[in-house]
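Me: I would like to go through this structure with you, starting with its strands. Could you take my questions as they come?

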Amino acid sequence: MRIPLDRDSGIPLYRQIQGFLREQIRSGRLSPGTRLPATREMANGLGVSRITVTNAYAELEAEGLVYSQLGSGTFVASPLTEL
């Protein structure tokens, strides 16, 4: 997954990753059930530390956009429906 990162920005890298993935999920480019790359794989691909990706995924999980399954990975969550 190619995520544009601006290392000179005042925005922390984990927030840039979070923002990019949030936009991909909300726009439908990442559909519900899609497995995100493992944190180690994503970190290696982006040239960042693993904790940076872990923090981004944690923020997305707090927003309800992704969920984790122990031993399986992190997946895009189904959108919540309005009642």
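**Strands, helices and core**

Reply: This is a predicted model. In it, β1 and β2 run antiparallel and are joined by four bridges.

Me: Which residue of β2 stands opposite Val-66?

Reply: Val-76 in β2 stands opposite Val-66.

Me: And how many residues lie between β1 and β2 in the hairpin?

Reply: Three residues lie between the two strands of the hairpin, and Gly-71 in the turn has a positive phi of about 85°.

Me: What aromatic pairs does a search of the whole structure find?

Reply: The search finds one aromatic pair. Tyr-67 and Phe-75 form it, with 5.6 Å centre to centre and 25° between the planes. The pair counts as stacked, because planes under 30 degrees apart are classed that way.

Me: Is Phe-75 buried or exposed? And what about Tyr-67?

Reply: Phe-75 counts as buried because its relative accessibility is 13%, under the 20% limit. Tyr-67 has 32% relative accessibility, so it counts as partly exposed.

Me: Let us change topic. What pattern does the chain follow along the sequence?

Reply: The pattern is α-α-α-β-β, with three helices and two strands in the protein chain.

Me: How many residues does α1 have, and what does it span?

Reply: Helix α1 covers residues 13-27, which is 15 residues. From its first C-alpha to its last it reaches 21 Å, close to the expected 21 Å. Gly-28 follows α1 and has a positive phi, near 90°.

Me: Which residues of α1 are buried, and what covers them?

Reply: The buried residues in α1 are Gln-16, Ile-17, Gln-18, Leu-21, Gln-24 and Ile-25. Their cover includes α2 (39-46), α3 (50-62), β1 (66-69) and β2 (73-76).

Me: Which residues touch the most other members of the largest nonpolar core?

Reply: Ile-17, Leu-21, Met-42 and Val-53 do, in a core of 17 residues. At least two residues of this core come from each of α1, α2 and α3. α3 supplies the largest share, four residues.

Me: What is Val-53 in contact with, leaving aside neighbours within four places in sequence?

Reply: Val-53 is in contact with Ile-17, Thr-39, Met-42, Ala-43 and Val-48.

Me: Finally, what radius of gyration does the chain have?

Reply: The protein chain has 13 Å, which agrees with a compact globule, because 83 residues would give a value near 12 Å. Its C-alpha atoms fill a box of roughly 40 × 30 × 20 Å along the principal axes. Of the 83 residues, 31% count as buried.

Definitions and conventions: Residues are numbered from 1 along each chain as its sequence is written. This is a predicted model: local features need pLDDT of at least 70, side-chain atom pairs count only at pLDDT 80 or more; totals for chains, interfaces and linings use all residues. Side-chain values use heavy atoms; hydrogens and water are left out. Rings of Phe, Tyr and Trp (its six-membered ring) pair if their centres lie within 6.5 Å; planes under 30 degrees apart count as stacked, over 60 as edge-to-face and the rest as tilted. Buried means under 20% relative accessible area, exposed over 50%, partly exposed in between (1.4 Å probe, protein chains only). The expected span of a helix is 1.5 Å times one less than its number of residues. Contact means heavy atoms within 4.5 Å. A nonpolar core is a set of buried Ala, Val, Leu, Ile, Met, Phe, Trp, Tyr and Cys residues joined through side-chain atoms within 4.5 Å. Two strands pair if DSSP finds at least two bridges between them. The radius of gyration is taken over C-alpha atoms; the globule rule is 2.2 Å times the number of residues to the power 0.38.
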